[in-house]
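Subject: Structure for you to look at

Hello,

The structure I mentioned is below, with the sequence. My notes on what was found follow it.

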Amino acid sequence: MAQLQNQYGAGGQGPSKEQQEEMMRKQEEMKNNILVQVLTQEARSRLNTIAIAKPEKARMVESILIQMAQSGQIQGKLGEEQLKSLLERVSQQTTKQTTVKFDRRRAALDSDED
C-alpha cells in the first residue's frame, strides 16, 4: 500500500508533476530513438526543419512514422524522397478549403447619399 502511495502520490491523486515530466521525457526519448532508426540523416533534418515551421504537421508525420515502424511497415531506413512522398500524402489529407464570403447586405447599407 505504501508503495502505491509513493508511486501515485500521498493523496492518491495520480502521478506527481515530477513523475509526469519523467514519463514525458521517456516518451520523447523513445520517439527520437525510433525516428533515428527509421529515417536517414537527410530525412531527419528535413523533418526537424518542418517542425520549426509547422509543428503540428511534424507531430502528425512523426506519429505516422512511429506507427508504421511499430507495425513493421518500414523495412530499413526511409530516405528524403520517401519522406517527401509521405509529407505530400499528409498535406493532401489535411488541406483546408478556404472560402470567401462577401456580405452584400452590409455593403448595401452604406450609402453615399449622406
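In what follows, two residues are in contact when they have heavy atoms within 4.5 Å of each other. Please keep in mind that this is a predicted model.

Overall, the chain has 6 helices and 0 strands, in the order α-α-α-α-α-α along the sequence. The chain counts 114 residues, and 20% of them are buried. Its accessible surface is about 9,600 Å², with 49% of that belonging to carbon and sulfur atoms. Taking contacts between residues at least 6 apart in sequence, 64% join residues at least 24 apart.

Helix α4 covers residues 55–70, which makes 16 residues. From first C-alpha to last, α4 reaches 22 Å, close to the 22 Å expected at 1.5 Å a residue. Its buried residues are Lys57, Ala58, Val61, Glu62, Leu65, Ile66 and Met68. These pack against three helices: α2 (17–38), α3 (41–53) and α5 (80–94). After α4 comes Gly72, which has a positive phi, near 80 degrees.

Helix α2 has 22 residues and reaches 32 Å between its first and last C-alpha, close to the expected 32 Å. Which of its residues are buried? They are Lys31, Ile34, Leu35 and Val38. These four lie on the same side of α2, because they cover an arc of only 100 degrees around the axis. The face turned away from that buried side carries the exposed residues Glu18 and Gln37. The buried residues of α2 pack against α3 and α4.

Regards

Methods. Residues are numbered from 1 along each chain as its sequence is written. This is a predicted model: local features need pLDDT of at least 70, side-chain atom pairs count only at pLDDT 80 or more; totals for chains, interfaces and linings use all residues. Side-chain values use heavy atoms; hydrogens and water are left out. Helices (H or I, at least four residues) and strands (E, at least two) are DSSP runs, numbered from the N terminus. The expected span of a helix is 1.5 Å times one less than its number of residues. Buried means under 20% relative accessible area, exposed over 50%, partly exposed in between (1.4 Å probe, protein chains only). Accessible areas come from the Shrake-Rupley method with a 1.4 Å probe; for residues, only the protein chains shown count as cover. The arc is that of the directions from the helix axis to the C-beta atoms.
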